[in-house]
Amino acid sequence: MLTESSSIKDVEQRIVGIKNEIASLGEMRTGSLTEQYNVCGNANCKCKDPEKPQKHGPYYQLSYTRYRKSTSQFVRSEDVEVVRQQLADYKIFMQLKDEWIDCSIQLSKLRKALH
């Protein structure tokens, strides 16, 4: 992490590092993944057992908002790990993007101080 006493060279090097980290990221998705369990309509089903109900599931649902439109979709069990990685890569991307902007502001201030 850069400090107030970082040099122009330090900040420029960090920006290059951020760009490289962003370039190494995989596919990205925004949103949240939830695990859900359901109860069916069959009165004789194990999910309706009065003593030990066993709900159906887990089912995985991805919910997100994009372009002011909320969307949710079910995710197959075999795709859950891929979706989790996409969500993690998006989170890392957002952190790196913010750090890049902060570095750019710091770089601008350092250059201004030289003139």
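Reader: How are α1 and α2 oriented to each other?
Author: Their axes cross at roughly 160 degrees and come within 9 Å, so α1 and α2 are roughly antiparallel (an angle over 145 degrees). Axes are lines fitted to C-alpha atoms over the stretch in contact, with angles from 0 to 180 degrees between N-to-C directions. Helices are DSSP runs of H or I, at least four residues, and strands are runs of E, at least two.
Reader: Which residues of α1 make the contact?
Author: Among them are I8, V11, I15 and I18 of α1, with F93, L96 and W100 included on the α2 side; contact means heavy atoms within 4.5 Å. By class there are twelve nonpolar, two polar and six charged residues.
Reader: What is this model, and what gets counted?
Author: The model is predicted: local features need pLDDT of at least 70 and side-chain atom pairs 80 or more, while totals for chains, interfaces and linings use all residues. Numbering starts from 1 along each chain as its sequence is written, and side-chain values use heavy atoms, without hydrogens and water.
Reader: New topic. Which peptide bond is cis?
Author: The one from G57 to P58, with omega near 10 degrees. P58 is in strand β2, residues 56-66.
Reader: And where is Y67?
Author: Y67 lies in the loop between β2 and β3. Its phi is positive, near 55 degrees, in a residue other than glycine.
Reader: What sits over the ring of Y67?
Author: The charged end of R66, 4.8 Å from the ring centre. The rule wants NZ of Lys or CZ of Arg within 6 Å of the centre and within 35 degrees of the ring normal.

Methods:
Parallel < 35°, antiparallel > 145°, perpendicular 65-115°, else oblique. Nonpolar A, V, L, I, M, F, W, Y, C, P; charged D, E, K, R; others polar.
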